[in-house]
Amino acid sequence: MKKFFYIPIAICILGSGCTKNLTDYNTNPKAPVTAPSAAVFLSAEKSLVDAVTSTSVSSAPFRILAQSWTENTYTYEARYNFSAYQAPDGWWNALYDNVLDNLYAAKNLYPTDVADPVALKNDRIITDLLEIYTYNLLVNTYGNIPYSQAENRLIPFPKYDDAKTVFNDLLTRVDTCIAGLNTGGSAMGGSDQIYGGNVAKWLKFAASLKLKLSMYLADVDAATFSKKVGEAIQTGLFASNSDNAVMTYDPSTVGNSNPIWQAMVNSGRHDFCPAAYMVNTLSGLNDPRLSLYYNTDPNGKYTGGIAGNGNSYSTLSTFSNTWLAANYPGDLLDYSEVAFDLAEAAARGVAAAGTAATNYNNAITASVVFWGGTTASATTYLAQPTVAWSASANYKQQIGYQEWIAFANRNWDSWTLIRRLKYPNLDVVSPPTGATGNLPLRFTYPNLEVSSNPTNWAAAVKAVTGGSTDIVSAKLFWE
């Protein structure tokens, strides 16, 4: 694995690291860090939000996989071909190199410039929450991953830990974070561009992240799933859009503007268009988000491109000004997702989650309002028989479709939702033209790992796929 620090918004160059063990914050004496911890943390936080917001087909083609949108001229990713731009390599590097290395470095540096012991502990815990979030992205993209040895510089070629073991440890670490946060103390303040160092907000984030992680266990460990959901509810979850874990981008400079604006407006390129299946679904449901997501085509209609086709940008609907705004927020976790998770938990019989119908309605309303719609328009939408909650219907299908719509700009989460709930089943309802197979269930490991860490790579491939060939069709432990 490559190990270096990437801080695009700091004025200094970093070159040190720390081990993953939270009790060990030793610096590398051959490459001393000169940056303040606040700058290192902010760089990591921004890099994480950038990663999940990015349009790049060389790292995050997940909106394409989920058909939230699709490609025009270059259709490799829409056809599930990652060989041209190597998205598995880019996603791996973005998270390990740009996010995790800087989060570890920030925790290393806190004791040098944070004098208050309560603030120091809160800072470390908030940083750990972002580590947990990032490892969730990795383990639920690839399967087995470097984890226990990932940041030990004495081990240049780390082993891959079992995915389920990693996942269970992430849940344990969330519990530790929840127990350790001190809402009566301060935290990092302005260097935190999500909550401004508001510890009470981070506690809600921790509980909501615990709920999010718990959902992966619903079909494989119902008892732990129910227990963890109940604990998360007891801690206190997001209760409205005001709790959302979002970072508003700064449009005053290109590098700090929303990556979507950078790629689709500032660049002058037209690589993507709305996907026909998403547009047609919204239109068929009279969804108020249709006009919030898209502008009409030259004929005054809403139209999208066919996944896998070479689509003509000039004849189709375009993305709304809201979606393409330079200051549009990047979204890590929001109330709509929390409410959908609670609806699913309730439908699965978790009494503490409340009623499925109420949570389902709250989730859709929160999504509509987040995008600039009104509560009234959401209420009208929910009153339609084709949208209204039905206790007798397939809850995975009801929630799956509506959460997919709400996740139109959630990138990795939109793809992962489909993998987890199996709706919409794109292999059946909208198979891409020229697809190399069915919807990928995971990413293969990066090419660099094949050449630089071959023994551990081969063991991971065998553990995940059952054979010697790294394939995207292998199911992860929660499937």
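This is a predicted model: local features need pLDDT of at least 70, side-chain atom pairs count only at pLDDT 80 or more; totals for chains, interfaces and linings use all residues.
**Overall fold**

The protein chain holds 18 helices and six strands. Its C-alpha atoms fill a box of roughly 65 × 50 × 45 Å along the principal axes. For 479 residues, a compact globule would have a radius of gyration near 23 Å, and the 22 Å of the protein chain agrees with that. Of the 479 residues, 58% count as buried. Among contacts in the protein chain with a separation of 6 or more, 74% come from residues 24 or more positions apart.

The N-terminal end of α4 is capped by Asp 116, which places a side-chain oxygen 3.1 Å from the backbone nitrogen of Val 118. After α4 comes Gly 143, with a positive phi near 100°.

Asp 334 caps the N-terminal end of α11, with a side-chain oxygen 3.3 Å from the backbone nitrogen of Ser 336. Gly 349 follows α11 and has a positive phi, near 100°. The buried residues of α11 include Tyr 335, Glu 337, Phe 340, Asp 341, Ala 343 and Glu 344. What covers the buried residues of α11 includes the helices α6 (199–214), α7 (222–235), α12 (356–370), α14 and α15 (412–421), as well as strand β6.

**Aromatic pairs**

A pair of aromatic rings is described by the distance between the centres and the angle between the planes. The count for this model comes to 36 aromatic pairs. One of them is formed by Tyr 96 and Tyr 135, which are edge-to-face at 6.3 Å centre to centre, with 75° between the planes. This pair links distant parts of the chain, since Tyr 96 is in helix α3 (residues 87–113) and Tyr 135 is in helix α4, 39 residues apart. Tyr 96 has 1% relative accessibility and therefore counts as buried. Tyr 135, at 0% relative accessibility, counts as buried too.

A further pair is made by Tyr 294 and Trp 323, with ring centres 6.0 Å apart and planes at 35°, so this pair is tilted. Tyr 294 lies in strand β4 (residues 294–295), while Trp 323 lies in the loop between β5 (318–319) and β6 (330–333), so the pair ties together parts that are 29 residues apart in sequence. Tyr 294 counts as buried because its relative accessibility is 1%, and Trp 323 counts as buried because its relative accessibility is 0%.

Ring pairs also join Phe 62, Phe 82, Trp 91, Trp 92, Tyr 96, Tyr 135, Tyr 142, Tyr 147, Tyr 160, Trp 415, Phe 443 and Tyr 445 into a cluster. Trp 415, one of the rings in that cluster, has the charged end of Arg 419 over its ring, 3.6 Å from the ring centre. The charged end of Arg 410 sits over the ring of Phe 407, 4.8 Å from the ring centre.

**Two buried residues**

Ile 399 is placed in helix α14 (residues 395–406). With a relative accessible area of 0%, Ile 399 is buried. Beyond its neighbours within four places in sequence, Ile 399 is in contact with Phe 340, Ala 343, Glu 344, Tyr 360, Trp 389, Trp 404 and Leu 421. Of these contacts, Phe 340, Ala 343 and Glu 344 are among the buried residues of α11. Ile 399 and Pro 424 are 25 residues apart in sequence, and their C-alpha atoms are 9.9 Å apart in space.

Gln 67 sits in the loop between α2 (62–65) and β1 (69–71). Gln 67 is buried, as its relative accessible area is 2%. Leaving out residues up to four places away in sequence, Gln 67 touches Ala 275, Tyr 277, Met 278, Ala 307, Trp 404, Leu 426, Ser 430 and Pro 432. Trp 404 is listed for Ile 399 and also for Gln 67.

Notes: Residues are numbered from 1 along each chain as its sequence is written. Side-chain values use heavy atoms; hydrogens and water are left out. A polar contact is a pair of N or O atoms within 3.5 Å; within protein, one must be able to donate a hydrogen and the other to accept it, and residues adjacent in sequence count only if both atoms are side-chain atoms. Helices (H or I, at least four residues) and strands (E, at least two) are DSSP runs, numbered from the N terminus. Rings of Phe, Tyr and Trp (its six-membered ring) pair if their centres lie within 6.5 Å; planes under 30 degrees apart count as stacked, over 60 as edge-to-face and the rest as tilted. Buried means under 20% relative accessible area, exposed over 50%, partly exposed in between (1.4 Å probe, protein chains only). A charge sits over a ring if NZ of Lys or CZ of Arg is within 6 Å of the ring centre and within 35 degrees of the ring normal. The radius of gyration is taken over C-alpha atoms; the globule rule is 2.2 Å times the number of residues to the power 0.38. Contact means heavy atoms within 4.5 Å.
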